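Hi everyone, thanks for coming. I've got one structure to show you today, so let me put it on the screen.

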Amino acid sequence: LTVLLCALSPEDVLSKDTGECAICLEELQQGDTIARLPCLCIYHKGQVFLLVCIDEWFEVNRSCPEHPSD
């Protein structure tokens, strides 16, 4: 269900620096394309330094990296 909800959520462009992506550990910086999960956590969306963060995460996981029990 989380994967479906994420897929339906629109992509956003980050309006300010917000810390570190819990998947790739790179900084989330203003202007980055992000995916916002239903739990409101945000991750890089698309390719970042040869990683695809949340897209790649959902290929093998079914929940938010920071809220695995949701």
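This is a predicted model: local features need pLDDT of at least 70, side-chain atom pairs count only at pLDDT 80 or more; totals for chains, interfaces and linings use all residues.

I'll go through the overall layout, then the core, the salt bridges, the cysteines and a few loop residues.

Okay, the layout. The protein chain has two helices and six strands. If you walk along the sequence, you get the pattern α-β-β-β-β-β-β-α. There are 70 residues in the chain, and 29% of them are buried. The chain exposes about 4600 Å², and carbon and sulfur atoms supply 52% of that. What about contacts between residues at least 6 apart in sequence? Of those, 29% join residues at least 24 apart.

Now let's go inside. Which residues touch the most other members of the largest nonpolar core? That core has 14 residues, and the ones to look for are Cys21, Leu28, Leu37, Tyr43 and Ile54. As for where the core residues come from, E4, E5 and H2 each supply at least two. H2 gives the most, with three residues.

Let me zoom in on Ile54. If we skip its neighbours within four places in sequence, Ile54 is in contact with Ile23, Ala35, Leu37, Tyr43, His44, Lys45 and Pro65. Two names on that list, Leu37 and Tyr43, were also among the core residues that touch the most other members.

Next, salt bridges. How many does a search of the whole structure find? Two. One is between Arg36 and Asp12, where the closest N and O atoms are 3.2 Å apart. Arg36 sits in strand E4, residues 33-36, and Asp12 in strand E1, residues 11-13, so this pair links parts of the chain that are 24 residues apart.

Asp55 is partly exposed at 29% relative accessible area, and Lys45 is partly exposed at 21%.

On to the cysteines. A quick reminder: a disulfide is a covalent bond between the sulfur atoms of two cysteines. Take Cys21, which is in no disulfide: the nearest cysteine sulfur belongs to Cys24 and is 3.8 Å away.

Cys21 is buried, with a relative accessible area of 0%. Cys24 is buried as well, at 12%, and you'll find Cys24 in the loop between strand E2 (19-20) and strand E3 (27-28). Cys39, on the other hand, is partly exposed at 29%. One more distance for Cys24: its C-alpha atom is 10.0 Å from that of Trp57, although the two residues are 33 apart along the chain.

Last stop, some backbone details. Most residues other than glycine have a negative phi. Which residues here go the other way? Leu25 is one of them, with a positive phi of about 70°. Leu25 is in the loop between E2 and E3 and is exposed, at 52% relative accessible area. Leu40 also has a positive phi, near 80°. Leu40 is in the loop between E4 and E5 and counts as exposed, with 62% relative accessibility.

And finally, Ser63, in the segment after H2. Buried or exposed? Ser63 counts as buried, at 15% relative accessibility. A polar atom of the Ser63 side chain lies 3.5 Å from the backbone oxygen of Pro68.

That's my tour, so let's go back to the picture and talk.

Methods
Residues are numbered from 1 along each chain as its sequence is written. Side-chain values use heavy atoms; hydrogens and water are left out. A salt bridge is a side-chain nitrogen of Lys or Arg within 4 Å of a carboxyl oxygen of Asp or Glu. Helices (H or I, at least four residues) and strands (E, at least two) are DSSP runs, numbered from the N terminus. Buried means under 20% relative accessible area, exposed over 50%, partly exposed in between (1.4 Å probe, protein chains only). A nonpolar core is a set of buried Ala, Val, Leu, Ile, Met, Phe, Trp, Tyr and Cys residues joined through side-chain atoms within 4.5 Å. Contact means heavy atoms within 4.5 Å. A polar contact is a pair of N or O atoms within 3.5 Å; within protein, one must be able to donate a hydrogen and the other to accept it, and residues adjacent in sequence count only if both atoms are side-chain atoms. Accessible areas come from the Shrake-Rupley method with a 1.4 Å probe; for residues, only the protein chains shown count as cover. A disulfide is a pair of cysteine sulfur atoms within 2.5 Å.
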